[in-house]
Every structure is written in structure tokens, then in C-alpha cells.
Amino acid sequence: MNTKQLERIHTGKGFIAALDQSGGSTPKALAQYGIPKTSYSNEEEMYALVHEMRTRIIKSPAFDSKHILGAILFENTMDRSIDGQLTADYLWEKKGIVPFLKVDKGLADPEDGVQLMKPIPDLKDLLKRAVERNIFGTKMRSLIKEANPAGIKKVVEQQFAIGKQIVEMGLVPIIEPEVDIYSADKVTSEKWLKDEISAQLSALDKDAKIMLKLSIPTENNFYSDLMKDPHVVRIVALSGGYSQAEANEKLAQNHGLIASFSRALSQGLTAGQTDEEFNAVLSKSVQDIYEASIK
């Protein structure tokens, strides 16, 4: 583990940029960027286009270490290069931004009010490659749609079981049990979720380090006690379908919680913008998300 990167993530001011749209969400991300499905005819062309989009974001002067602590990459992005350097190395060496990797394979079908992660059969090999490519940590997402205690328990147990494998490889896992922001019983789900996370944290080895990526809670500062746990490097928040303005407003009311936004970060960016226009939109987004993250 890179101790300089660990200290930056633990104590630095800023937020985590989520650039990890994968197979299922890539066409939507490209469409929002102004590139329709008719612009590519196969998966390789699609991934080449999304890498161009991500490269444009990463290389923008607005995407800087003054505001951004880390960036989450998709596996395909990790394996590609920017200006002759692997993406993770470019992020850290050129931009001073800590690289993370999305490792989950998407969500399983709903059961017990939740969606667990699909199996990750190649996890060990993927983690080895991540270490070789100087990745600092990983991210994996589950989804809680209803306040079902059995389902929520399964989500957290699965997340921490895989998280322990990631810790053993010297990486820091971002554990992401998202609570659907449109859930009718979101408050109850958050209470049970916090209880299950607390139980899992108490069972970790003394030196294990993890991060949490959670939906912005209904009750402000609801996760502040989890931030004090010695195992928790940082708690970051997903935008979860809120607009950027909504997400920033809610985030700013939660002291110590920082952003890890995807759609909210890229909101307003399009392929047809000039570099000046693109950088101006991204700069405002970065500044606004940063301000919400440091309050």
C-alpha cells in the first residue's frame, strides 16, 4: 500500500471522481455525452469512445489534485493508456490523483428487497493486475431497495467477505451498499445498514483499512460515528440519481462526508463542446462538488 496515497485519501480536502461506468451503463454515459449508439458498431469501438471521453476529463486542467483526491476507473480504462502511460500511472504521476478500480460485475436479480453483487470469478487475477498497475483501492456496489433486514444483512456480509480478500492483496476496498434514494423506507434501511456495517467493522483484523461509499443519509450526519472507526479511511457519498445541485445541497449538510459522484460530475459535458466550453463546465462542477465536500 502506498502510504502517501493512504494519507491523502484519509486526510485530504476534496472528493473522489467516479469514472467507472462499465458495460451496461456505458451506452447511457456516451448518450449523455452526445454520442449516440449509431456512432459505434461493437463493444471495442464503444470502449474506445468512452476512453476518449474519460481521457478528455482527466487531462482537463479542471481535473486537478487541488480539488480531486482520487478517481475510480473501470477495468477497461485501467488497461488503457493516456499519453503513453497506463491510466493509473498518469493519474498519480501527472495529476497527483489516487487511482481506484471498480471490481464488481454488476447486480444480481432482486431478492429479499436487495440486489447482491453478481459472482466475481476472476477476482484474484483482477486484483493481481490492479496491484501491478499501481491501483490503490477498489470499489464494488450492491443495492438496497427495501428495508428488509435479512436482505441488508446479506448485502453487508457479501461486501465485507470480498472486502477482506481485497485487503489481503494490499488494496483498500470501497464497500458500497447503496440505498435507493427513492425507497419508501429509506430511513429504516439506513438504520439497519449502519448496524450491520458496525458489526462487520468490529470483526475486522486490527490493521485492516476500508472505505465506505454510501447514499447521502436522510438524517444529516447519520454516519458520523462510523467515520471515527479506526478501520475506516474515509466515507464517500454517491449521488444516487440526484441532480448535481440536489446532491451538493444534501452533501453539504453532512460534515466529513465527501462526494464520489459519477453522473453528477459529468453533468453538462458533451462531445461537441470546444475545449474552452468543456473545461468551463467541468471546472464549475468540480468547484461546486468540492465546496460541498469540505463543509
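This is a predicted model: local features need pLDDT of at least 70, side-chain atom pairs count only at pLDDT 80 or more; totals for chains, interfaces and linings use all residues.
Helices and strands here are DSSP runs, numbered from the N terminus. With that noted, I can start my entries.

**Entry: the largest pocket**

I began with open space. I learned that rolling a probe the size of a water molecule over the atoms shows where empty space is left. The largest pocket holds about 680 Å³ of space. I counted 25 residues in its lining, and Gln21, Ser25, Arg141, Ser262 and Arg263 are the closest to its centre. Which of the elements gives the most to the lining of the largest pocket? I found that α2 does, with three residues. Sorting the lining of the largest pocket by class, I got ten charged, ten polar and five nonpolar residues.

**Entry: the second largest pocket**

Next I turned to the second largest pocket, where about 230 Å³ of space lies. Its lining has 17 residues, and those closest to its centre are Gln32, Arg263, Ala264, Ser266 and Gln267. Here the elements giving two or more residues are α2 and α11. By class, I noted six nonpolar, nine polar and two charged residues in the lining of the second largest pocket.

**Entry: helix α12**

I then looked up α12, which covers residues 275–293. How far apart are its end C-alpha atoms? They are 26 Å apart, and this agrees with the 27 Å that 19 residues should span at 1.5 Å a residue. I listed the buried residues of α12 as Phe278, Leu282, Ser285, Val286, Ile289, Tyr290, Ala292 and Ser293. Seen down the helix axis, these buried residues fall within an arc of 160 degrees, so they line one face of α12. On the face turned away from that buried side I found the exposed residues Glu276 and Lys284. The cover over the buried residues of α12 includes the strands β1 (15–19), β2 (68–73) and β11 (258–259). The helices α3 (43–59), α10 (244–251) and α11 (263–266) are also included in that cover.

**Entry: helix α8**

For α8, residues 186–202, I ran the same kind of check. Its 17 residues should span 24 Å at 1.5 Å a residue, and the end C-alpha atoms are 24 Å apart, which agrees. Buried in α8 are Lys186, Ser189, Glu190, Leu193, Lys194, Glu196, Ile197, Gln200 and Leu201. Among the elements covering them I noted β7, β8, α7, β9 (210–215), α9 (224–227) and β10 (232–238).

**Entry: Gln159**

I picked out Gln159, which lies in helix α7 (residues 149–168). Is Gln159 buried or exposed? Gln159 counts as buried because its relative accessible area is 0%, and buried means under 20%. Setting aside its neighbours within four places in sequence, I saw Gln159 in contact with Met117, Met140, Arg141, Ser142, Ile175, Glu176 and Pro177.

**Entry: Leu49**

My last stop was Leu49, in helix α3. With a relative accessible area of 18%, Leu49 is buried too, because the cut-off is under 20%. Leaving out neighbours within four places in sequence, its contacts are Leu30, Ile35, Ser39 and Tyr40. I also looked up the separation between Leu49 and Arg129, which are 80 residues apart along the chain. Their C-alpha atoms are separated by 23 Å.

Technical notes:
Residues are numbered from 1 along each chain as its sequence is written. Side-chain values use heavy atoms; hydrogens and water are left out. Helices (H or I, at least four residues) and strands (E, at least two) are DSSP runs, numbered from the N terminus. Buried means under 20% relative accessible area, exposed over 50%, partly exposed in between (1.4 Å probe, protein chains only). Contact means heavy atoms within 4.5 Å. The expected span of a helix is 1.5 Å times one less than its number of residues. The arc is that of the directions from the helix axis to the C-beta atoms. On a 1 Å grid over the protein atoms alone, a cavity is a set of points where a 1.4 Å probe fits but cannot get out, and a pocket is an open set with protein on both sides within 12 Å along at least five of seven lines; lining residues have an atom within 4 Å of a point. Grid points are joined across faces, edges and corners, and a volume is the space filled by probe spheres set on the points. Ala, Val, Leu, Ile, Met, Phe, Trp, Tyr, Cys and Pro count as nonpolar, Asp, Glu, Lys and Arg as charged, and the others, Gly among them, as polar.
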